[in-house]
Amino acid sequence: MLKQIEGSQAIAEAIGLCRPEVICAYPITPQTHIVEGLGQMVDRGEIQPCEFINVESEFAALSVAIGASAAGARSYTATASQGLLFMAEAVYNASGLGLPIVMTIGNRAIGAPINIWNDHQDSLSMRDSGWIQLYAETNQEAVDLHIQAFRLAEELSVPVMVCVDGFILTHAYERVDIPAQAQVDAYLPPFEPRQLLDPIHPVTIGAMVGPEAFMEVRYLAHYKQMQALGLIPELAEEFQQQFGRDSGDLIKPYRSDDADTIVVALGSVNGTIKDVVDELCDAGMSIGSLAICTYRPFPHKAVRSALEHAKRIVVVEKSLAIGIGGIVATDVQMAVAGLHKPVHTVVAGLGGRPITRDSLRKLFHRADAGHLERLEFLDLKHDVVHEEIARMEAARRSGPIAENILHSVGTVASQIR
Amino acid sequence: MFQVRIHGRGGQGVVTAAEMLSIAAFVEGKHSQAFPSFGSERMGAPVMAFCRIDAKEIRLREPVLTPDALIIQDPGLLHQVNLFEGLAERGYILINSNHSLSELGLDTFLQTHPGERISVIPASELALKYVGRPLPNAALLGGFSALTGLIQMEALQTAIRQKFSGKIAEQNIAAAQAAFAQVQATLPGGNPC
Amino acid sequence: METTIKFYQTDTFTVGNRLLSEQERSVQAGMQRTNALNSGHRACQGCGEALGARFAVDAAMRAAGNDLIACNATGCLEVFSTPYPESSWQLPWIHSLFGNTPAVATGVAAAQRVKGKTTRVLAQGGDGGTTDIGFGCLSGMFERNDDVLYICYDNEAYMNTGVQRSSATPPAARTATTVPIGQHPNGNVFGKGKNVPLIAMAHEIPYVATASVADLRDLEAKVTKAMAIHGARYIHIHVPCPLGWGADPAHTIKLARLAIESGLFPVFEAEHGEITGHRAIRAQVPVEDYLKLQKRFAHLFRNPKQVAVIAQLQAIADRNIRRFKLLEKSSLNTGEAAV
C-alpha cells in the first residue's frame with residue numbers, strides 16, 4: 001500500500017511484517033523513531049507473538065538479541081553511532097556465533113566531537129565484523145532491504161546490518177509502498193535455526209576455540225559472505241518478481257555504461273548524485289554513477305566490471321580513515337587493481353554537512369577536466385582549518401580544537417547551510 | 001519541482017507543517033519529500049523544515065537551498081536568521097504575524113518582490129481562536145494553499161486528519177479554512193487556483 | 001540425557017542421606033542426578049567454583065525437570081568446562097561474552113516466552129563477570145525482573161586471567177594488582193568494593209540469597225527455592241580458589257566454612273528486598289583462623305604482624321554478625337545442615 005510516511009515508521013512497519021519474535025531497544029538518535037514505532041506496534045498487538053524489551057544499553061540490546069536468536073527466535077535491534085561502538089564486542093560475537101540477527105543502523109557520525117548528524121563512520125567501523133552490510137538509497141529501498149535481510153541472514157546464518165542514512169532517510173517523509181503481510185510471508189519463511197539451545201538436544205555454543213581450529217571458523221565466516229555474493233542477487237531477483245520492485249542487489253550502475261567518469265557512493269547521496277549526473281550528461285559530459293548497495297561482502301567482481309571501461313573513478317564517501325584517506329575508496333581501488341585507473345577519494349558530508357548539487361557539480365567538472373587530487377575533502381572550510389593550525393603553532397596551550405573551530409565558524413542557528 | 005522552506009521555532013510544529021504539506025501533495029498524487037533541518041534544537045530555538053513537491057520521483061537529498069516558497073512561522077526570526085537566502089525571484093512568502101509588512105520592516109522587500117506573492121496572516125491568533133493553542137502550522141498551510149494554489153484545501157484536510165485526530169484535527173481544519181479565506185481576500189488577483 | 005552416576009560420584013552426604021526421606025536427600029546423592037557439569041573438565045584441584053556449579057546446576061536441573069538452558073560469562077567456569085570438543089555441559093549452554101551474560105539470558109528467556117515454552121533459564125558467572133564488567137547488564141536484568149536465575153560464583157578476584165583484584169576482593173588481600181608493597185603494604189585497600197547481594201536486594205527482585213560450598217545442602221535448597229519462583233533471582237555463592245588464594249586444595253571446604261563462621265561471609269536470604277532468613281553461626285571463630293590458611297593474607301602475619309589490619313578485618317566480620325544477626329537462632333527455612 002502506498003503511503004506518505006516517515007522513513008523510520010516505514011522501516012518499523014517493514015520489520016513488523018517480518019514477524020520478529022524478540023525486539024530489543026535502547027534509544028539513540030536518529031534510530032529512536034524506528035523502535036518507538038515497533039514498541040507501539042507490539043503494544044497494539046500488531047506484531048504477535050513478540051517480546052519487546054527495553055534494555056539498559058546497546059551492549060545489552062544486542063546481547064539480548066544474541067540470546068534470543070540462539071534460542072531460536074527471530075531477533076531484531078537497531079542502533080547508530082556511539083551505540084554501535086558501545087555494542088562492538090557483541091557485534092563481533094553475534095557474527096562469530098553465526099546468529100542471523102538483523103539490525104538497522106541509522107547512520108550517524110562518531111564523536112568526539114559529539115555530533116548527531118549523518119555520515120557512515122559508524123557502520124564502516126564495523127565493516128570487518130562479519131556482518132553483511134546493506135546500504136539503502138531511499139526509504140522504499142530501506143523497507144525492501146529489511147525484508148530481504150531476514151531472508152538472507154537466516155539462509156546463511158549470518159547477521160545483517162541494514163544501513164539507513166540518519167535523518168536524511170530516517171526522518172524524511174516520502175512515498176513508500178508498504179507490502180502486504182501475505183506478500184512478505186510468501187517471501188520470508190519462518191526461521192529455521194541451524195543451531196538451537198534445546199534441552200532435548202543439548203548443545204554447547206560459544207566454547208573456547210584454540211589455534212587448532214580458530215582459522216577454520218574464521219574462514220567459514222568468510223566463505224558464508226562469499227556465498228552471500230551469489231545469494232544477494234538471487235534474493236533481489238526473487239524480490240523483484242514477487243514485489244515488482246528493483247531493490248537491493250550488489251550494485252546499481254546509473255548511466256555508467258560508457259561513461260568516462262564514474263562516481264561511486266553508498267546510501268542516500270546517490271539520489272543527489274544521479275540528479276547531477278543527469279544534468280551533466282544532458283550538457284554533454286561523459287559521467288555516470290555506481291551505487292554500492294552491498295558493502296559487505298564487497299562485490300569486487302561486480303564493481304570491477306562496472307568500472308573497467310571508465311577513465312577515472314570518483315568515490316564520494318561519508319567516512320574518513322584518518323591517517324590514510326578513504327575507506328570505501330580503498331576497497332574500490334582493490335576492485336580495479338591492475339586496470340591503472342585513477343581512483344579519487346572525496347570525503348564528503350561528515351557529521352551531516354549537506355552534500356549539495358552545487359558542490360557535486362563543481363567537483364565533477366574538475367574531475368572531468370582531470371584536476372582532482374587523490375584525496376579531497378568536499379566543502380572543507382580551509383580558512384577555518386588554517387586559522388586553527390596557526391593557533392596551534394603560535395601557542396602551546398591553544399585549547400580544545402572543536403571549540404576553537406566553533407568560534408571561528410560563528411553562530412550556526414542563523415545560517416541556512 | 002517546487003521547494004518549500006519553513007522557518008520557525010522548536011515546539012511550533014515546523015516539522016509537522018512540512019510533513020502535512022508532503023502528505024497533502026501525496027494525496028493529490030504527487031511525489032513529495034519532507035524533512036527537518038536535523039537539529040537537536042530544544043523548544044524556542046530557530047528551526048527549519050523542508051518540503052519538495054514534484055510530478056516525478058524526488059531523488060535530491062540536499063536541504064532546500066533555493067526555495068520557491070517560504071513559510072515563516074515566527075516573524076521574530078526575520079532579524080535573526082537570513083530567512084530569504086536563496087529564495088526564487090518570484091518566490092512565495094507567507095508570514096505568521098498580526099502586523100503589516102511595513103510594521104515588520106519589510107517595506108523594501110515589497111518594492112522588489114511581487115506583491116501577490118507575499119502574504120501576512122495572524123496564524124497564531126487563528127490557532128488560538130480555533131484550536132485553543134498558538135500552534136500556527138495548520139493555519140499557515142491553509143494560507144499557503146490560498147497563496148500558491150499548489151495544494152487544494154481538500155487534500156490539506158486529509159493531511160491534517162492524518163497528523164491530528166478527532167476534535168483537534170477538526171479545529172485545525174477550521175483554522176486552516178479561516179486562514180485560506182483571509183489570504184484569498186487579501187490577494188490582488190484572488191485565488192490563483 | 002539420562003546418565004548413570006557411579007556410587008563413588010555421589011557426595012559426602014550420601015551416607016547421611018540414607019537416613020533421610022527421598023525428598024530430603026541431596027540432589028547430588030541421587031544416582032539419577034543430571035551431572036550437568038560432567039567429570040573430565042579442566043578445573044584445578046580443590047576448585048570451589050566447579051563444586052558449587054555442579055551442585056547448583058544439578059539442583060536447578062532437578063527443579064526444572066531437566067528443561068533448562070544455561071548462559072555462562074567468560075571466566076574460569078567457561079574455560080575449564082569447554083575445551084572443545086570436550087564440553088562438560090550436559091545441558092544446552094551458551095557463552096557469549098564476559099559482560100553480557102544477564103542480557104543473553106534475558107534473550108533466551110524472551111525466546112522461551114515467545115515460543116510458548118516453559119524452559120527455564122540459568123545464568124552464571126564469576127565475581128568479575130558479575131560484580132564488575134557484567135554489572136550493568138545484571139542490574140538491567142534485575143530491574144526488568146526477567147525470568148532468570150543468576151548465580152555468581154564468588155572467588156574474590158579475576159582468577160582466569162591470573163588473580164587480579166575485582167570489586168569482590170576483600171580488603172588486605174594480595175592479588176596480582178594489589179601486591180602488598182610500596183603504597184599498598186597491606187594489599188587490597190579498605191573501604192572499597194561492593195556487596196552485590198545487597199545491591200540485588202535494592203532492586204526488590206523476588207529472591208536473593210548467599211550460599212557457600214561449605215553448606216552444599218543449603219546451596220541446593222536455595223537453588224531449588226529460587227527455581228520455584230519466577231522473575232529475576234540472584235544467588236551469590238562463596239567458592240574458595242586454592243590457586244588464587246594460595247591455599248591447600250584440601251582446604252577449600254574448610255576455608256568456605258571458616259569464612260561463614262568468622263562472619264566474613266554472611267549467609268542469608270531475602271525476598272522482595274527484605275531479609276527473610278540467615279544461617280546462624282554456633283560460635284564465632286576469629287578471622288585470623290581463616291586468614292592464616294591463605295597466602296594472599298600471609299603479609300599480615302610476617303614480622304611485624306599487622307595487628308591493626310587484622311583488627312580491621314575482624315571489625316568487618318563483627319559488623320556482619322551484628323548486621324545479619326548471625327549469632328541469633330537461624331531463621332533459614334532451607335534446611336540447617338551441621339557444620
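The legends below describe close-up views of a predicted model.

**View 1. The open sheet of chain A has seven strands.** The strand order in this sheet of chain A is β3-β2-β4-β5-β7-β6-β13, and the pairing is mixed. At the edges stand β3 (51–54) and β13 (294–296) of chain A, each of which pairs on one side only. With direction ignored, neighbouring strands of the sheet are turned against each other by 20° on average. Within the sheet, strand β6 (residues 132–135) of chain A pairs with strand β7 (residues 160–165) of chain A in the parallel sense, over four bridges. Opposite Gln133(A) stands Met161(A) of β7(A).

**View 2. Helices α3 and α7 of chain A lie against strands of chain A.** Helix α3 (residues 58–70) of chain A lies across β2 (22–25), β3 and β4 (75–79) of chain A. The angle between α3(A) and β4(A) is about 165°. Helix α7 (residues 139–156) of chain A packs on the sheet and touches β5 (102–107), β6 and β7 of chain A. The direction of α7(A) makes about 170° with that of β7(A).

**View 3. Helix α10 of chain A is shown with the elements that cover its buried residues.** Helix α10 (residues 269–282) of chain A has 14 residues and should span 20 Å at 1.5 Å a residue; its end C-alpha atoms are 20 Å apart, so the two values agree. The buried residues of α10(A) are Val269(A), Asn270(A), Gly271(A), Thr272(A), Ile273(A), Lys274(A), Val276(A), Val277(A) and Leu280(A). Their cover includes strands β10 (251–254), β11 (261–265), β12 (287–292) and β14 (312–317), together with helix α13 (357–368), of chain A. Just after α10(A), Gly284(A) adopts a positive phi of about 100°.

**View 4. Strand β3 of chain B pairs with β1(B) and with β2(B).** Eight of the nine residues of strand β3 (residues 46–54) of chain B are buried, and the strand is mostly covered. Strand β1 (residues 2–9) of chain B runs antiparallel to β3(B) and is joined to it by eight bridges. Here Val47(B) of β3(B) is the bridge partner of Gly8(B). Strand β2 (residues 31–36) of chain B is also antiparallel to β3(B), with six bridges between them. In this pairing Arg52(B) of β3(B) stands opposite Gln33(B).

**View 5. Helices α4 and α6 of chain B cross at roughly 35°.** The axes of α4 (residues 137–148) and α6 (residues 166–186) of chain B come within 7 Å, and the crossing is right-handed. From α4(B), the contact includes Ala138(B), Leu141(B), Gly142(B) and Ser145(B).

**View 6. Chain C is in contact with chain A.** In this contact, 38 residues of chain C meet 35 residues of chain A. Four elements of chain C, β1 (68–72), β2 (93–95), α4 (101–114) and α6 (135–143), each supply at least two residues of the side that touches chain A. Helix α4(C) gives the largest share of that side, eleven residues. The side of chain C that touches chain A consists of 21 nonpolar, 14 polar and three charged residues. Strand β9 (residues 204–205) of chain A runs parallel to β2(C), and two bridges join them. Ile94(C) in β2(C) is the bridge partner of Ile205(A).

Methods:
Residues are numbered from 1 along each chain as its sequence is written. Chains are lettered from A and ligands numbered from 1 in the order in which they are written. This is a predicted model: local features need pLDDT of at least 70, side-chain atom pairs count only at pLDDT 80 or more; totals for chains, interfaces and linings use all residues. A residue is buried if 20 or more other C-beta atoms lie within 10 Å of its own, exposed if 12 or fewer, and partly exposed in between; C-beta atoms are placed from the backbone. Two strands pair if DSSP finds at least two bridges between them. Two residues are in contact if their C-beta atoms, placed from the backbone, lie within 7 Å. Ala, Val, Leu, Ile, Met, Phe, Trp, Tyr, Cys and Pro count as nonpolar, Asp, Glu, Lys and Arg as charged, and the others, Gly among them, as polar. Axes are lines fitted to C-alpha atoms, for helices over the stretch in contact, and angles run from 0 to 180 degrees between N-to-C directions. A crossing is left-handed if the near helix is turned anticlockwise from the far one by less than a right angle, and right-handed if clockwise. The expected span of a helix is 1.5 Å times one less than its number of residues.
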